[in-house]
Amino acid sequence: MSGDETAAARGGAAEADAAGVLALLRRRGQTVAVAESLTGGLVAAELTAVDGASHAFRGSVTAYATDLKRELLGVDGALLAERGAVDAEVARQMAEGVRRALGADWGVATTGVAGPTPQDGHPVGAVHVAVAGPSNRPAAAALRLEGDRAGIRAQSVRAAVKLLFSELIATAGAQDTEQHDEF
């Protein structure tokens, strides 16, 4: 892990913001793309609000409708029929699908229920965020958030950025090892 990445890891949540994530991606020469459902573009907006985001941000897909998750992002139709869109594996497939579709090193996804009413048997605040990277199985986090619609969406954005940051830090050691193994 580089000195900057070690310092960022020690900084924890303070560094787990859009600027910190984009700085790590830029240093690595990597890119990110976002697939959003309940957040409706807010993760992309958070990332692109950072000056210089274009160096690492490839683009986003807001797949609010379930059929778009299948058609645009390649989420398994049988999975969607069986479990619905509010599911950890759906989030993983969305993250991998947007990474593939937009040619990014990293994919981030959000899916869930922002409210004000439950959806498909899932309570308000049931959210899944996922991150797919270049070499690992996509990571997902199941969240049970509280608050109003705007609050749940804002918390989902923070959770998605934090998960991406964590995955970037977790893979830093593996990348350093791979680089050293070449010598």
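Predicted model: local features only at pLDDT ≥ 70, side-chain atom pairs only at ≥ 80, totals over all residues.
Which residues line the largest cavity? The lining is made of Trp106, Val131, Gly133, Asn136, Arg137, Pro138, Ala139, Glu167 and Thr171. Sorted by class, that gives four nonpolar, three polar and two charged residues. The volume of this cavity is about 30 Å³, and a search of the whole structure turns up one cavity of 30 Å³ or more.

Now let's step back to the overall fold. The protein chain has seven helices and five strands, and from the N terminus on they come in the order α-α-β-α-β-α-α-α-β-β-β-α. Of the 183 residues in the chain, 50% are buried. If you take the contacts with a separation of 6 or more, residues 24 or more positions apart account for 63% of them. For those of you who like surfaces, the accessible area of the chain is about 8500 Å², and carbon and sulfur atoms hold 49% of that.

On to the inside. The largest nonpolar core has 35 residues, and the members that touch the most others are Leu25, Val32, Leu47 and Leu164. At least two core residues come from each of α2 (18-28), β1 (32-36), α3 (42-48), β3 (106-112), β4 (126-132), β5 (139-144) and α7 (149-181). The biggest contribution is from α7, with 10 residues. Let's zoom in on Leu164 for a moment. Leaving aside residues up to four places away in sequence, Leu164 touches Val21, Val32, Trp106, Val108 and Val131.

Why do we call α2 largely enclosed by the rest of the structure? Because eight of its 11 residues are buried. Those eight are Ala18, Gly20, Val21, Leu22, Ala23, Leu24, Leu25 and Arg28, so the buried set includes an arginine as well as Val21, Leu22, Leu24 and Leu25. Just after α2 comes Gly29, with a positive phi of about 70°.

Asp120 has a phi near 50°, which is a positive value in a residue other than glycine. Is Asp120 buried or exposed? Its relative accessibility is 60%, and the cut-off for exposed is over 50%, so Asp120 counts as exposed.

Last stop, the largest pocket, with a volume of about 160 Å³. It is lined by 15 residues, and those closest to the centre are Ser37, Leu38, Tyr64, Gly112 and Gln119. Two elements give two or more residues to this lining, namely α4 (66-73) and β3. By class, the pocket lining has six nonpolar, seven polar and two charged residues.

That's my tour, and I'm happy to go back to any part of it with you on the screen.

Methods. Residues numbered from 1 in each chain as written. Heavy atoms only, no water. Helix = DSSP H or I, 4+ residues; strand = E, 2+ residues; numbered from the N terminus. Buried < 20%, exposed > 50% of the residue type's maximum accessible area, 1.4 Å probe, protein only. Contact = heavy atoms within 4.5 Å. Areas by Shrake-Rupley, 256 points an atom, 1.4 Å probe, with all protein chains shown as cover. Core = buried A, V, L, I, M, F, W, Y, C linked by side-chain atoms within 4.5 Å. 1 Å grid on protein atoms, 1.4 Å probe; cavity = no way out; pocket = protein on both sides within 12 Å on 5 of 7 lines; lining within 4 Å. Points joined across faces, edges and corners; volume = space filled by probe spheres on them. Nonpolar A, V, L, I, M, F, W, Y, C, P; charged D, E, K, R; others polar.
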